[in-house]
Amino acid sequence: MRGEFVLEARNVSKQYPGTLALDGVTFRLRPGTVTGLIGENGAGKSTLVKILAGIERPTSGTLNLDGKEFAMDSVRDADAHGIGIIHQELNLCPNLSVAENIFLGRELTAKGVLNKRRQETEVRELLARLEHPIDPRARAGDLPLGQQQIVEIAKALARNVRILMMDEPTSALSATEIPILFRIIGDLRARGVAIVYISHRLDELLAVADYVSVLRDGRMVAEAAASHVDTGWIVERMTGRAAEPAAALEACDPGPPLLRLERLWLNAPGGRPLLGGVSLDLRGGEVLGIYGLMGAGRTELLECIMGLHREAAGSVYLDSKRLDRMDTAGRIASGLAMVPEDRQASGIVQSLPVLANMTLSSLGRYARAAWLSPTLEAAAASGMAANLRIKSPGLRHSISALSGGNQQKVVMAKCLLTNPRVLLLDEPTRGVDVGAKQEIHAVVRRLAASGMGVILASSELEEIRATADRVLVMSRGKVTAEMPAAQARDEALVSAASAGVRQ
Amino acid sequence: MSSMTPAAGGDVTRTVARGTGTPLAGYLFRLRALIVLAILVFIFTALSPAFLTPGNLTILVKHVAINAILAVGMTLVILSGGIDLSVGSIAGLAGIVAGGLIHSGLALPSFGVKVYFHTWLVIALALLVGAAAGAANGLLVSRLRVAPFIATLGSMYVARGAAMLMSNGATFANLSGSVELGNTGFLTLGSGQVLGLPLPIWLMLAVALSGVFLAERTPFGRRVYAIGGNERAAELSGVRVARNKFFVYVISGFCAALVGLIIAAQLGAAHPATGETFELNAIAAVVLGGTSLMGGRGSVGGTITGAFVIGVLADGLILLGVSEFWQIVIKGLVIVVAVILDQMQQRYALKAAAALRG
């Protein structure tokens with residue numbers, strides 16, 4: 001037994017205030033193998049990885065390295081033990097060179113002076129070993145994403161890792177870059193590195209992994225050799241329900257579409273397509289759920305509808321009126337409104353009071369001649385605050401005095417005060433407590449009942465089910481499935497969302 | 001932002017922060033610039049009998065007027081998240097434009113004549129030049145996305161150089177104009193009186209009131225606050241960010257030109273070096289008045305108070321016979337302390353908000 005596993009987590013639990021994120025999980029890694037770690041959002045994958053990488057300490061349970069119990073207090077400890085992690089978001093300094101990035105924090109010096117030449121030589125050798133002769137002196141930010149990913153891997157390898165955790169390593173890669181990554185993984189495996197591979201893309205995961213481990217609700221529910229299982233088996237274990245084929249799409253009632261998208265295309269700065277020709281129709285009174293994993297293109301789709309990407313191609317029609325040449329302000333005036341995904345970064349203005357946040361999109365309505373009328377403004381805002389049941393100490397208070405859920409309602413109020421015909425919601429309940437979440441869902445249903453068209457993008461199946469009439473599933477910038485929400489089974493949604501749409 | 005007073009009924013207007021220390025302390029803290037001003041006035045009155053006299057106060061406010069007018073424009077720029085380093089140079093340029101037009105007219109070589117304009121037209125043209133210089137800043141910042149610091153640093157040099165070129169580095173002296181050319185009366189702008197108060201003070205009042213109303217009572221002002229607070233959220237909310245930023249710089253350039261005209265009229269002469277380092281005094285007034293250099297927070301009213309703090313301090317120290325060098329040191333210290341207090345208030349406000357959230 002001893003020596004079979006390089007890293008072992010035994011009966012590990014992690015208690016966060018209010019939630020038990022991991023519940024007695026045992027997870028083992030064999031040297032020279034790839035273990036796929038799978039689970040829905042919130043199943044405990046990232047908590048487990050954080051514990052294995054020394055970022056978090058378990059509440060109970062033990063970690064064994066080479067059969068001996070050990071403890072880690074920090075990422076530096078993990079580093080010393082040869083444990084590396086590549087995060088989903090790349091962690092390179094774009095302004096520094098490839099070599100400087102790889103040696104960041106442990107620069108090679110000669111008598112206290114940076115030895116750039118030796119660093120560059122070592123990096124050149126390392127990259128040659130990875131069959132990627134990237135110039136060590138190139139600025140990291142100038143490289144295409146796939147090469148940046150390789151620099152991240154090189155950074156881990158330069159530390160002589162024996163255990164490497166990769167969190168969604170392909171989410172930033174194009175279809176042509178993925179096989180390269182897989183070759184590198186194969187190479188690492190041959191050299192005895194134990195790899196934890198986390199991905200929502202099941203077919204991809206089965207192609208690269210030797211073993212799969214499935215987490216659900218903080219517990220390890222299944223482990224198997226990858227060659228013995230298929231995506232259906234995994235989805236069953238993930239969701240706890242038997243997989244069923246996707247239901248056929250019901251004939252939709254033929255009312256004219258309120259919003260129509262025709263072949264929206266959007267490329268990332270590197271040329272990788274973020275949206276690959278998305279078309280859809282939305283009718284008044286309908287809630288269209290858009291389900292997809294991170295990076296599927298949901299946010300980009302909504303942003304394109306709002307005119308935030310001037311470089312996008314394709315057409316947006318609202319009531320047969322073409323909006324393509326309009327900026328965001330024009331589209332809002334035409335009847336579109338959006339609640340963005342990241343409330344802090346794009347939803348609220350921290351420095352303004354609740355009132356001013358609510359009326360920001362509709363200021364023109366409260367102006368008498370050139371002056372804002374405080375009475376009109378306050379009347380509109382307090383009416384909407386009551387309507388959405390916004391709990392605030394007062395509309396003149398700073399928005400930061402509100403809870404996340406109430407801040408989110410303020411952002412919704414801002415949209416609704418423009419009297420939109422179509423409301424776009426991007427993860428409207430992220431970071432929102434359960435009570436406010438249900439209220440927001442009820443508001444969405446109510447708005448649709450009043451004839452508004454709503455698009456709700458979410459990575460939570462529960463949310464889609466609670467609100468949507470119809471569901472579109474996106475993966476890698478394309479629509480991979482469409483079905484009435486009543487017939488949308490979790491399994492069908494999950495497998496459509498993880499479908500690797502290859503070019 | 002006391003002016004955003006929704007008089008809505010019921011519990012939405014409750015503004016007392018529970019469990020966050022005494023509301024009074026927080027209130028006094030917000031009015032600190034005004035309190036400092038009152039204390040300064042009190043001290044100087046006690047120490048120098050000459051301080052609180054009509055004659056001294058008029059001189060003091062006339063000095064303040066110059067800085068305050070610049071600082072109102074600067075406040076809008078800083079609220080939007082920018083900075084305008086070119087205001088001193090624009091003031092100098094506008095003064096030279098006006099001085100040149102009055103003094104030697106506009107030469108039209110192809111016709112072999114010189115055209116002299118009516119005084120009102122001269123003033124309008126100089127203001128237009130200031131607004132145009134501001135528009136250039138606005139285009140650089142909003143459309144070409146040059147960092148405001150760099151864009152206005154560049155235009156600071158360009159405007160100063162242009163002023164030097166127009167006068168060949170010389171001063172246009174004697175701007176009283178002549179009756180036969182119909183361009184007399186320019187000096188009234190500096191020395192005229194209405195209801196016993198010098199015209200520049202009235203102009204400051206007009207600019208300050210317009211600034212307060214613009215910032216607090218118009219959609220434009222609200223949008224400027226929003227852009228400075230969170231540009232992306234503002235854009236997503238349908239605020240035309242580029243357009244609003246553009247106008248902020250135009251207003252700042254206009255204010256600067258007005259200052260240039262006032263100074264030229266007061267001196268009866270236009271010198272191309274007029275207004276050097278004025279931008280720093282204006283920024284100091286803005287900061288003293290509690291406006292955050294990060295944008296989004298602050299007020300025009302605070303800026304006016306800040307300009308008065310600087311003016312009273314300078315005037316009082318002169319009356320007390322404090323050496324000019326010490327005056328500079330003290331001014332610097334006051335600014336730094338003001339910013340420290342500002343940071344403290346930010347933290348206080350954040351804590352209060354967190355306490356409310358519960």
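Me: Before turning to this predicted model, what counts as a salt bridge, and how many salt bridges are there between chain B and chain A?
Reply: A salt bridge is a side-chain nitrogen of Lys or Arg within 4 Å of a carboxyl oxygen of Asp or Glu. One such pair is formed by the side chains of Arg232(B) and Glu303(A), with 3.0 Å from N to O. Between chain B and chain A, the count of salt bridges is three.

Me: How much area do chain B and chain A bury between them?
Reply: The size of an interface is often given as the accessible area lost when the parts come together. In this model 36 residues of chain B are in contact with 43 residues of chain A. Of the area buried between chain B and chain A, 63% is on carbon and sulfur atoms, and the total is about 3400 Å².

Me: Is Lys409(A) buried or exposed, and which residue's side chain joins the side chain of Lys409(A) in a polar contact of 2.4 Å?
Reply: Lys409(A), found in helix α14 (residues 404-416) of chain A, counts as buried because its relative accessibility is 3%, where the cut-off for buried is under 20%. Leaving aside neighbours within four places in sequence, the residues in contact with Lys409(A) are Leu388(A), Arg389(A), Ile390(A), Glu439(A) and Ile440(A). A polar atom of the Lys409(A) side chain lies 3.3 Å from the backbone oxygen of Leu388(A), while the polar contact of 2.4 Å between side chains joins Lys409(A) to Glu439(A).

Me: Which residue stands opposite Thr62(A)?
Reply: Strand β4 (residues 60-65) of chain A pairs in the antiparallel sense with strand β1 (residues 7-16) of chain A, over five bridges. Across this pairing, the residue opposite Thr62(A) in β4(A) is Arg10(A).

Me: Which residue in the turn between β4(A) and β5(A) has a positive phi?
Reply: β4(A) also pairs in the antiparallel sense with strand β5 (residues 68-70) of chain A, over three bridges, and in this pairing Leu63(A) stands opposite Phe70(A) in β5(A). The two strands form a hairpin with two residues between them, and the turn residue with a positive phi, about 55 degrees, is Asp66(A).

Me: What is the relative accessible area of Gly36(A)?
Reply: Gly36(A) is found in strand β3 (residues 34-38) of chain A. Leaving aside neighbours within four places in sequence, its contacts include Tyr197(A), Leu205(A) and Tyr211(A). Gly36(A) is buried, since its relative accessible area is 0%.

Me: Is Ala369(A) buried or exposed?
Reply: Most residues other than glycine have a negative phi. Ala369(A), although not a glycine, has a positive phi of about 55 degrees, and this residue lies in the loop between β19 (367-368) and β20 (371-372) of chain A. Because its relative accessibility is 79%, Ala369(A) counts as exposed.

Definitions and conventions: Residues are numbered from 1 along each chain as its sequence is written. Chains are lettered from A and ligands numbered from 1 in the order in which they are written. This is a predicted model: local features need pLDDT of at least 70, side-chain atom pairs count only at pLDDT 80 or more; totals for chains, interfaces and linings use all residues. Side-chain values use heavy atoms; hydrogens and water are left out. Contact means heavy atoms within 4.5 Å. Buried area is the accessible area (1.4 Å probe) that two parts lose on being put together, summed over both. Helices (H or I, at least four residues) and strands (E, at least two) are DSSP runs, numbered from the N terminus. Buried means under 20% relative accessible area, exposed over 50%, partly exposed in between (1.4 Å probe, protein chains only). Two strands pair if DSSP finds at least two bridges between them. A polar contact is a pair of N or O atoms within 3.5 Å; within protein, one must be able to donate a hydrogen and the other to accept it, and residues adjacent in sequence count only if both atoms are side-chain atoms.
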